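Welcome! Here is a short briefing to read alongside the sequence and the 3D view.

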Amino acid sequence: MAPTSRPDLGFMRAELPDALGQALDGFERHLRLERNRSEHTVSAYLGDLTLLLSALADSGHRDPRDLSLAALRSWLAGMHSAGAARSTIARRAAAARTFSAWAYGRGLLASDVAELLASPRPHRTIPAVLSSAEAAIAIERADGAEPLQLRDRLILELLYGTGIRVAELVGLDLADIDRHRRVVTVVGKGDKQRTVPFGLPADDGLQAWLDHGRPLWANEDSHSALLLGPRGRRLDQRAAREVVRRRTATATSEGVSPHGLRHSAATHLLDGGADLRAVQELLGHASLATTQIYTHVSVERLRTGFDRAHPRA
């Protein structure tokens, strides 16, 4: 579905028939307590499934057992006809499959009705990236001795210097930084912990922020957060995204997102000769295929490797 205004998911969930609402509540507990999914993932699943179960209720059904493959296909077809993006349809189909498998395992469905549910492959879009020169310009122009400037420069240094996600960045605590070994410990998707190295420029940025920036903003609300806002609270993702967009706009007309900066870091690592599996570890990807899609290596590097290594070059 592609409505012109965002549906009130809270109201829709509250209006579900009891059996459907209870099934959704149980699935939420499963995601939170058994699967330990992130708040973002849980919210996305619940939103998609609220739409599905609401559509089921609108067609006169009041029990999870009424869910069928035909109903699911009709639901997806309706979204396609309404102009929904392929990525949206694919995501909602994935949510339906996950819910169906869980409901079957709990005895709420007689069979896993979504097991054969197909969905369109989402288009993979490559985010805008910076060249290495543009990245350097953006970081150098975030110069200054005020706490805001010191913090913003550190945000750029860490995102570009490590390739970590923006959620991982804002979740950093002081204890997660090992300046002796120059590594940072982050908790990524699925609560998987990994250790990522950073270079001397990021270390210099850390030194400046910890000595001359953070102490001026820190208060009882700061706790152990590394990055703060002017009121002393932990920096949130929205603010971090705005910092990156604004600061990188000094090097390009539109700037890039934190995801674009992460993508830039990965691409520059590969262009510099880094092993693909090493980049996979740094980025925290479960699959090497994700890293291959996520990064794009320059044509020049491919040509150089071909000319050097291929017997028919």
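Accessible areas come from the Shrake-Rupley method with a 1.4 Å probe, and for residues only the protein chains shown count as cover. By this method the protein has an accessible surface of about 17200 Å², of which 51% belongs to carbon and sulfur atoms. This is a predicted model, in which local features need pLDDT of at least 70 and side-chain atom pairs count only at pLDDT 80 or more, while totals for chains, interfaces and linings use all residues. Residues are numbered from 1 along each chain as its sequence is written, and side-chain values use heavy atoms, with hydrogens and water left out.

**The whole protein**

- The secondary structure comes to 15 helices and three strands; helices (H or I, at least four residues) and strands (E, at least two) are DSSP runs, numbered from the N terminus.
- Of the 313 residues, 40% count as buried; buried means under 20% relative accessible area, exposed over 50%, and partly exposed in between (1.4 Å probe, protein chains only).
- Take the contacts (heavy atoms within 4.5 Å) between residues at least 6 apart in sequence: 59% of them join residues at least 24 apart.

**Helix H5**

- H5 covers residues 86-105, and its 20 residues should span 28 Å at 1.5 Å a residue; the end C-alpha atoms are 29 Å apart, which agrees. The expected span is 1.5 Å times one less than the number of residues.
- Buried residues of H5 include Thr88, Arg92, Phe99 and Trp102.
- The buried residues of H5 pack against helix H2 (18-34), helix H3 (39-58) and helix H4 (69-81).
- After H5 comes Gly107, with a positive phi near 80°.

- Strand S2 (residues 183-187) and S3 run antiparallel and are joined by five bridges; two strands pair if DSSP finds at least two bridges between them.
- Val186 has Arg194 in S3 as its bridge partner.
- S3 (residues 193-197) has a covered face, made of Arg194 and Val196, and an uncovered face with Gln193, Thr195 and Pro197.
- Five residues lie between the strands of this hairpin, where Gly190 takes a positive phi near 70°.

**Aromatic rings**

- Rings of Phe, Tyr and Trp (its six-membered ring) pair if their centres lie within 6.5 Å; planes under 30 degrees apart count as stacked, over 60 as edge-to-face and the rest as tilted.
- By this rule there are five aromatic pairs. Trp209 and Trp217 have ring centres 5.9 Å apart and planes at 75°, so this pair is edge-to-face.
- Both Trp209 and Trp217 are buried.
- Phe27, Tyr45, Phe99 and Trp102 are linked into a cluster by ring pairs.

**Nonpolar cores**

- A nonpolar core is a set of buried Ala, Val, Leu, Ile, Met, Phe, Trp, Tyr and Cys residues joined through side-chain atoms within 4.5 Å.
- The largest such core has 34 residues, and Ile155, Leu169, Leu172, Trp209, Leu226 and Leu227 have the most contacts inside it.
- H7 gives the most to this core, with six residues.
- Apart from this core lies another, of 32 residues, among them Leu20, Leu49, Trp75 and Leu117.
- Leaving aside neighbours within four places in sequence, Leu226 is in contact with several residues, including Leu158, Leu172, Leu206 and Trp209.

**A closer look at Glu157**

- Glu157 sits in helix H7 (residues 147-162).
- Is Glu157 buried or exposed? Glu157 is buried, because its relative accessible area is 9%.
- Not counting residues up to four places away in sequence, Glu157 touches Ile139, Thr162, Pro201 and Ala202.
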